[in-house]
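Let's take a friendly walk through this structure, one neighbourhood at a time. Have the viewer open and follow along.

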Amino acid sequence: MRFVDEAVITVEAGDGGNGVASFRREKFVPFGGPDGGDGGRGGSIYIQADDDTGTLVDYRYTRKFRAERGKNGAGANCAGRGGESVILKVPVGTTIVDSESGDIIGDLIEDGQKVLVAQGGDGGLGNTHFKSSTNRAPRKCTHGTKGEFREIRLELKVLADVGLLGMPNAGKSTFIRAVSAAKPKVADYPFTTMMPNLGVVDADRHRSFVMADIPGLIEGAAEGAGLGIRFLKHLARTRILLHIVDVQPIDGSDPAYNAKAILTELEKFSPTLSKLPVVLVLNKVDQLAAETRDEWCNHILEELQWEGPVFKTSGLTFEGTKDVVYYLMDQIEQQREREVEDPEYAAEIKAFRDQLEAETREQTLAAKEAYREMRRAQRLGGDDFDDEDDDDSDVEVYYVR
C-alpha cells in the first residue's frame, strides 16, 4: 500500500464555446433577422473531500486534469451545450495551495466539502445580441473566453485531536492498538510504522476523539536522519501531543536522553508546533521490577525536569491506558467548549493554527528541496542509488508498507 501525502497537479477549466453569426432563413420570410445562438460555458474543476479516499496516490501518475470545452452556438437561437465539470476526490484534511502565489485556495476538513479551483470560460455571444434599430443584420459574434489554468499543490495532513510522538519502538503503535480499534503493524525492530495511522478512541458513550500515530523520530531527524521530518507536519492539526517514552529501551540507551532528543527535534522542525500541550507517558512499565518502578520513573522525570502531566502505562498489558484516555478526553472537551464560549480565545487558536500551518509548510518544502539537492549531489558524484527515489517532481513522499 502506498501513502502519498503531497502532490502537485495542473488543472485547466474548459474554454467557453463560440457564439455564431446566423440569420433566419424561412420560406415567405424574405427579411429574417439574426438568430445566432450563444456558446456554452466551459466546464469547471472542483476538488472535493471524500471519506473513502485515504491518500493522494491517484495524483502521483495522473497530474493534468482538463474539463470539457463548451459547445459552439447554432442558428435558430440555439445555445451551445455547457462543458461537463470535473470533480477530483481527495482525502479529508487536504489543503489546496496555489503553487505560484502560495495562497491557500481551500482547506477541506469535512466530508463532502467542495472547492472551485478552476472556473470554466464564459460562452461567446451570438449575433442576436448585437441587433439594434440601426443595425438590423449584425454579422458580429464573439468567441468564448479561456478557462482558468492553475498549478496547485495538494497537502494532506491527518485530522486528529491527539498526536503520538516518540522514538521508534517506544510503543506508540502498541498504545494506539490498546486504546482504539486501529491495528497498526507492531514488531520488535525500528521503523515498524512507515505511514501515519489513525484510531478513534472511545472514552465513554458519545465521548470520543481521534488519535494519530506517526513514524518514530530519532536524533538528527531535522537533518534527515531516519524517516526525517516527512511526517511531522501531520501533527500540525492536533490539539495535544502525547509523548511516549520507553522506560527501558532495548538498546540500553537513556530514556531521559531519548525524550530530550525528541523534544529538541520537534522544536527544530517548528517552534510553534513545540508549543502545543505535551503529555508525557512513561511506557512499558511492566518491564520494570515493582519495587524499583517508582524510583526509576522519578529518576527520568528529574533528568527531564518535567513539570507537566505524566502517566505510567503499559500498552501491552493495558495498565494505566484508561487514565490517559480520560485525561485527554477531558482536556479536548474543555478546549472545544472554551472555543465556543470565548470568541477571543477561538480567534487566538485560529491565529496559532494558521501560523503553525504556514511554518510546517515552509519547513517541509525546505526539507524536500534539501533532499533533492542531496540526490543531485549523489548523481554528480556517481553514487549508486535507485532512480525511482530521485523523483524531482513535487510528489515525493510515499512509502511501501
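Asparagine 283 touches Ala170, Gly171, Ile244, Val245, Asp246, Val247, Thr313, Ser314 and Gly315, leaving aside residues up to four places away in sequence; contact here means heavy atoms within 4.5 Å. This is a predicted model, where local features need pLDDT of at least 70 and side-chain atom pairs count only at pLDDT 80 or more, while totals for chains, interfaces and linings use all residues. Residues are numbered from 1 along each chain as its sequence is written, and side-chain values use heavy atoms, with hydrogens and water left out.

Asparagine 283 sits in strand β13 (residues 278-283); helices (H or I, at least four residues) and strands (E, at least two) are DSSP runs, numbered from the N terminus. With a relative accessible area of 2%, asparagine 283 is buried (under 20%; exposed is over 50%, partly exposed in between, with a 1.4 Å probe and protein chains only). Its side chain reaches the backbone oxygen of alanine 170 at 3.1 Å, and a polar contact of 3.0 Å links it to the side chain of threonine 313. A polar contact is a pair of N or O atoms within 3.5 Å; within protein, one must be able to donate a hydrogen and the other to accept it, and residues adjacent in sequence count only if both atoms are side-chain atoms.

Now turn to helix α3 (residues 255-269), the place of lysine 260. Lysine 260 is partly exposed, at 38% relative accessible area. Lysine 260 touches Glu303 and Leu304, not counting residues up to four places away in sequence. Lysine 260 and leucine 304 are 44 residues apart in sequence, yet 7.0 Å apart in space, C-alpha to C-alpha.
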